[in-house]
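Here is a short briefing on one protein model. Keep the sequence and the coordinates at hand while reading.

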Amino acid sequence: MPEPPPEVAVNLIPLRDPAMLEDFKRFSNEVDRPICLAQDVVLGFDAFAVTRRDEGAPAVDIVEVMTVRNWDEWVDVRDNMPAMDEVMTGFDKLVDAATVRTLFATPIRGR
């Protein structure tokens, strides 16, 4: 039986204040991504600063793309990993979690 495709979460993140971009970059590079990428279930994690948007596009400052082997497995690891306390504390200083929107996707691959 073929292995199920990885799952991708695309987080659309508005910062509390756009001036916090440098702080978010530091947080992402020094805390968030290293801790998440150290988990076996996480296959990839990239963060992007939005530099411009088309008219009508969501007003977000950061786009994060996280690829995991299985979302439920990631949630279990995330919710039971003490190191995530540091991630959540740092994230909450920069972002109102209620404003984050997530799109879930699977890769489209050729034969």
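Contact here means heavy atoms within 4.5 Å. By that cut-off, V65 touches V8, A9, V10, G44, F45, D46 and F48, with residues up to four places away in sequence left out. The model is predicted.

**V65 in strand β3**
- V65 sits in strand β3.
- V65 is partly exposed, and its relative accessible area is 25%.
- V65 and V8 are 57 residues apart along the chain, yet 6.8 Å separates their C-alpha atoms.
- V8 is also one of the residues that V65 touches.

**Aromatic pairs**
- A pair of aromatic rings is described by the distance of the centres and the angle of the planes.
- The count comes to two aromatic pairs.
- F24 and F27 have ring centres 5.8 Å apart and planes at 65°, so this pair is edge-to-face. Planes must be over 60 degrees apart to count as edge-to-face.
- F24 and F27 are three residues apart in helix α1 (residues 21-37), so about one helical turn separates them.
- Both F24 and F27 are buried.
- W71 and F104 also form an edge-to-face pair, at 5.0 Å centre to centre and 75° between the planes.
- W71 belongs to helix α2 (residues 71-79) and F104 to strand β4 (residues 101-105), so their pair ties together parts 33 residues apart in sequence.
- F104 has a relative accessible area of 52%, so F104 counts as exposed; the cut-off for exposed is over 50%.

**Nonpolar core**
- In soluble globular proteins, nonpolar side chains tend to be buried together.
- The largest nonpolar core here has 23 residues. F24, W74 and V95 have the most contacts inside this core.
- Two or more core residues come from each of β1 (7-13), α1, β2 (42-49), β3 (62-68), α2 and α3 (84-94).
- Helix α1 gives the most to this core, with five residues.
- What does W74 contact beyond its neighbours within four places in sequence? W74 is in contact with C36, Q39, V41, V42, M66, V68, M81 and M84.

**Largest pocket**
- The largest pocket has a volume of about 370 Å³.
- The pocket is lined by 17 residues, and N11, E64, R78, M88 and F91 are the closest to its centre.
- β1, α1, β3, α2 and α3 each give two or more residues to the lining of this pocket.
- Which element gives the most to the lining of the largest pocket? Helix α3 does, with four residues.
- By class, the lining of the largest pocket has twelve nonpolar, two polar and three charged residues.

- D23 lies in helix α1. D23 has a relative accessible area of 37% and is partly exposed.
- D23 and V87 are 64 residues apart in sequence, and their C-alpha atoms are 13 Å apart in space.
- K25 is found in helix α1. K25 is partly exposed too, at 34% relative accessibility.
- K25 and P4 are 21 residues apart in sequence, with 32 Å from C-alpha to C-alpha.

Conventions. Residues are numbered from 1 along each chain as its sequence is written. This is a predicted model: local features need pLDDT of at least 70, side-chain atom pairs count only at pLDDT 80 or more; totals for chains, interfaces and linings use all residues. Side-chain values use heavy atoms; hydrogens and water are left out. Rings of Phe, Tyr and Trp (its six-membered ring) pair if their centres lie within 6.5 Å; planes under 30 degrees apart count as stacked, over 60 as edge-to-face and the rest as tilted. Buried means under 20% relative accessible area, exposed over 50%, partly exposed in between (1.4 Å probe, protein chains only). A nonpolar core is a set of buried Ala, Val, Leu, Ile, Met, Phe, Trp, Tyr and Cys residues joined through side-chain atoms within 4.5 Å. On a 1 Å grid over the protein atoms alone, a cavity is a set of points where a 1.4 Å probe fits but cannot get out, and a pocket is an open set with protein on both sides within 12 Å along at least five of seven lines; lining residues have an atom within 4 Å of a point. Grid points are joined across faces, edges and corners, and a volume is the space filled by probe spheres set on the points. Ala, Val, Leu, Ile, Met, Phe, Trp, Tyr, Cys and Pro count as nonpolar, Asp, Glu, Lys and Arg as charged, and the others, Gly among them, as polar.
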